Amino acid sequence: MRLDKFLVSTGKISRSDAGRAARGGKVTVNGIVEKKADRHIDPDVDVVTLCGERIVYRRYTYILLNKPAGYVSATEDGRDPTVLTLLPEDLGRIGLFPCGRLDKYTLGLMLLTNDGDLSHRLLSPRHHVEKRYAYTCRLPLLAEDMEQLERGVELEDGYMTKPARMIAEPESRSGIIVLTEGKYHQIKRMFEAVGNKIETLERVTFGPLSLDPTLERGQWRYLTDAEVALLQSGTKGVDGV
């Protein structure tokens, strides 16, 4: 990989600035100042620094975010702040996007990545990736309503939802609902279909990932290698649709 491409891929610097930094003696490769930005390096072996800071290469980036209310799940929006505005500026340069969507006022676990293939597999209906949401609703949810949600309900546009799984006590106003799909405002519309209304909603799991209790609203962290491996192993061989 060319040195300037390596530097740009980290989001730390633009291609033109990478060339200027190298010519200015601000880049080292294996401890030696390198002034030629078009030099080829091995990103998995060579140690590169920029202005004294070691640059770690990631082919893809995976970020776990605890989404707060008021942010939209998009790369850009003309009216509201997006989840990407919660990240440092350099991470905004590497093509990250939300893997799936949460409604503007839905809280909780969000995966941000620039790995399009993995994202496509995770969201593929053929893969049946489970998402768990903690909810509170306006009225006590009756046992027959829970059974109807678990069988699947017809939404106002005629769509019949896939079976869900309810983890809640009958006539309770809170619990967990588990889905394997993600239509527009789906959970809110499902509860409306049984004469109820969602008041709060938080995603607590997405496939093998769980919301990190150490993250405050709006905070994020990189996925661990083990978490990335779990995501990848769970989607191997699945065809996208």
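This is a predicted model: local features need pLDDT of at least 70, side-chain atom pairs count only at pLDDT 80 or more; totals for chains, interfaces and linings use all residues.
**A chat about pockets and cores**

Reader: Nice, a place to begin! Where does Thr82 lie?

Author: You'll find Thr82 in the loop between β5 and β6 (97-98).

Reader: Got it. Which residues is Thr82 in contact with, leaving aside its neighbours within four places in sequence?

Author: With those set aside, Thr82 is in contact with Tyr71, Val72, Ala74, Thr75, Glu76 and Asp77.

Reader: Let's zoom out. How many helices and strands does the protein have?

Author: There are 6 helices and 13 strands. The C-alpha trace spans about 70 × 40 × 30 Å along its principal axes.

Reader: What percentage of the residues is buried?

Author: Of the 241 residues in the protein, 44% are buried. As for contacts with a separation of 6 or more, 64% of them are between residues 24 or more positions apart.

Reader: On to the inside, then. Which residues touch the most other members in the largest nonpolar core?

Author: Those are Tyr135, Leu141, Ile177 and Phe191, in a core of 29 residues. Elements giving two or more residues to this core include β7 (107-113), β8, α4 (143-151) and β10 (172-179). The largest share comes from β8, with 4 residues.

Reader: I'm curious about Phe191. What does Phe191 touch, not counting residues up to four places away in sequence?

Author: Its partners include Tyr135, Leu141 and Ile177, which are themselves among the residues touching the most other members of that core. Phe191 also touches Cys137, Leu149, Met166, Asn196, Lys197 and Ile198.

Reader: What about a second core, which residues does that include?

Author: The second core is separate and has 15 residues, including Leu111, Phe206, Leu211 and Leu215.

Reader: You mentioned Cys137. Is Cys137 buried or exposed?

Author: Cys137 is buried, with a relative accessible area of 0%. Cys99 is buried too, with a relative accessible area of 1%.

Reader: And how many disulfides are in the whole structure?

Author: A search of the whole structure finds 0. In case the word is new, a disulfide is a covalent bond between the sulfur atoms of two cysteines.

Reader: Thanks! New topic: how much space lies in the largest pocket?

Author: About 680 Å³. The lining of this largest pocket has 33 residues, and the ones nearest its centre are Arg101, Asp103, Gly182, Lys183 and Tyr184.

Reader: Which elements supply at least two residues of that lining?

Author: Four to look for are α3 (116-123), β8 (131-141), α5 (186-193) and β11 (198-206). The largest share is from β11, which gives 3 residues.

Reader: How many of the residues in that lining are nonpolar, polar and charged?

Author: The lining of the largest pocket has 14 nonpolar, 8 polar and 11 charged residues.

Reader: And what volume does the second largest pocket have?

Author: Its volume is about 220 Å³. The second largest pocket is lined by 18 residues, with Thr10, Lys12, Val56, Arg58 and Tyr222 closest to the centre. Two or more lining residues come from each of β4 (53-55) and β13 (220-222).

Reader: Last one: how does the lining of the second largest pocket divide by class?

Author: That lining has 9 nonpolar, 4 polar and 5 charged residues.

Technical notes: Residues are numbered from 1 along each chain as its sequence is written. Side-chain values use heavy atoms; hydrogens and water are left out. On a 1 Å grid over the protein atoms alone, a cavity is a set of points where a 1.4 Å probe fits but cannot get out, and a pocket is an open set with protein on both sides within 12 Å along at least five of seven lines; lining residues have an atom within 4 Å of a point. Grid points are joined across faces, edges and corners, and a volume is the space filled by probe spheres set on the points. Ala, Val, Leu, Ile, Met, Phe, Trp, Tyr, Cys and Pro count as nonpolar, Asp, Glu, Lys and Arg as charged, and the others, Gly among them, as polar. A disulfide is a pair of cysteine sulfur atoms within 2.5 Å. Buried means under 20% relative accessible area, exposed over 50%, partly exposed in between (1.4 Å probe, protein chains only). A nonpolar core is a set of buried Ala, Val, Leu, Ile, Met, Phe, Trp, Tyr and Cys residues joined through side-chain atoms within 4.5 Å. Contact means heavy atoms within 4.5 Å.
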